[in-house]
Amino acid sequence: MISRAYTVAFQGVEARSVEVQCAVVPGLPAFSIVGLPDKAVSEARERVRSAFAAMSIALPSKRITVNLSPADLPKEGSHFDLPIALALLAAIEVIPVETASETIALGELSLDGTLIPVLGALPAAMTAASEDRLLLCPKASGAEAAWVDAARVIGATSLLDVVRHFTGKMPLPEAVAGEVTDALGARDLRDVKGQERAKRALEIAAAGRHHLLMVGPPGSGKSMLAARLPTILPPLTPREALETSMIQSLCGLIEDGGINRSRPFREPHHTASMAAIVGGGRRAQPGEISLAHNGVLFLDELPEFSRPVLETLRQPLETGEVMVARANAHVKYPSRFMLVAAANPCKCGHLADPSRACSRAPICAEDYMGRISGPLMDRFDLRIEVPAVPYSDLDLASASEGSNEVAQRVFAARDLQEHRFVDLPEVHLNADAEGALLEEIAPLDADSRALLHKAADRFSLTARGYHRVLRVARTIADLDATDSIARHHIAEALSFRIAG
């Protein structure tokens, strides 16, 4: 008799269904696993054998063959332990064959039969929902998987619990979705003394998901401003939370048994490799730009990043996705993020201070900022100079506006954009608009158009730069809650575009 259970194999954020077939036939006693398993999957037979012994279940003295179908799909990871055990339990008639064949299972077995949580429970739940099957997983992964409303999820502590559930002796309750709230701590925009122009740029960037570059000397507050950006961003919508958590689930970043509605804020060090930033490695794992999907990627000391790493950011910034191509895998990951970068004006960082600037100024600044290519620089919607804060400003009272007040305007602007693009599933914010859609949502009167054309000619704006000015002006108008784009909206957008 051949019994069947189901599990998944991961290809990017997609979980492909895998049928686990188990045959127990007369012959010399053996236990083999076929179907292109890797080392971790092949070792499952020893963990399954030990877990059965811990439950006092004797394996028959026959030939046991487990096939993972489709056989040409690579199988990687320890999550195949539980479905192999489930198919084997059905084959030796410990549990009903029908219930095993209606279940998608994933989980790692310890030698005593305890189930250990594994990566990818959320994508597996999506596959289970689409195939109308029950998802069986370790109890620690249940709250994550149950976030998919259409999926029926059962979380078990051990293999013995699984047997009791399927034999009807002790049915397990369905898992309940969990949600984790991130405490942003005491960070608030009120902490930043001065830097009103930088705060305004931060507000505009947050409202329309525009990319922002801050240039200024050390200690001027660039990192401090970026760290407070999450306090003015709206929480993830259910759809965005699901997209983001699918990637985090593959990387084992979902903790505390639930989904986090806070927007990701990733800040990799400038020594990070290309595989760490873009994605890659032996299993084509997602990189920082995908982990920042629907959130913020903060690159401090931007010119210190290697040139190849910076150049690979250009395509994801435009398309919102990245293709990780390897000899054995071509995987596409979403990567729609807001890029916030900070840089010193030169190597020593004190170009604007005559008493501290090096003798190579201004050539030092040209060499240092020249590490950022023109095409990448053109992709920043907002560029601002963050000057050093005078000592006298540090004794001033805190600003009257904090993160809560700014966040209210950002939420209102994003709400306008949500209603504007409600019929366009691929467009969510002003930063996504292009072509005819951009012309439709950003109509200009004669006065504002004349100003934009004059600036484009005077400062040699590229076509990309011209359209980015329009998008920023549209966002500024949304912050003012006006439908039309006025001359002062264009002027403010241009002031951020041609700075520096």
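## Basis of the values

Residues are numbered from 1 along each chain as its sequence is written, and side-chain values use heavy atoms, with hydrogens and water left out. Because the model is predicted, local features need pLDDT of at least 70 and side-chain atom pairs count only at pLDDT 80 or more, while totals for chains, interfaces and linings use all residues.

## Helices α21 and α22

Helices (H or I, at least four residues) are DSSP runs numbered from the N terminus. The axes of α21 (residues 463–479) and α22 (residues 487–497) come within 8 Å and cross at roughly 125°. Axes are lines fitted to C-alpha atoms, for helices over the stretch in contact, and angles run from 0 to 180 degrees between N-to-C directions. The two helices are therefore oblique to each other; angles under 35 degrees count as roughly parallel, over 145 as roughly antiparallel, 65 to 115 as roughly perpendicular and the rest as oblique.

Residues of α21 that meet α22 include Arg 468, Val 472 and Ile 476. On the α22 side, Ile 490, Leu 494 and Arg 497 are among them. Contact means heavy atoms within 4.5 Å.

## Val 97

Val 97 is found in helix α4 (residues 97–101). With a relative accessible area of 25%, Val 97 is partly exposed; buried means under 20%, exposed over 50%, and partly exposed in between (1.4 Å probe, protein chains only).

Not counting residues up to four places away in sequence, Val 97 touches Met 1 and Ala 90. Ile 2 is 95 residues from Val 97 along the chain, and their C-alpha atoms are separated by 9.2 Å.

## Salt bridges

The whole structure has 33 salt bridges, each a side-chain nitrogen of Lys or Arg within 4 Å of a carboxyl oxygen of Asp or Glu. One of them joins Glu 46 and Arg 49, with the closest N and O atoms 3.8 Å apart. These residues are 3 apart in helix α2 (residues 44–54), about one helical turn. Another joins Arg 239 and Glu 243, at 3.0 Å; both lie in helix α10 (residues 238–250), 4 residues apart.

Arg 420 and Asp 478 also form a salt bridge, their closest N and O atoms being 2.7 Å apart. This pair links distant parts of the chain, with Arg 420 in helix α18 (residues 403–420) and Asp 478 in α21, 58 residues apart. Arg 420 is partly exposed at 28% relative accessible area, whereas Asp 478 is buried at 2%.
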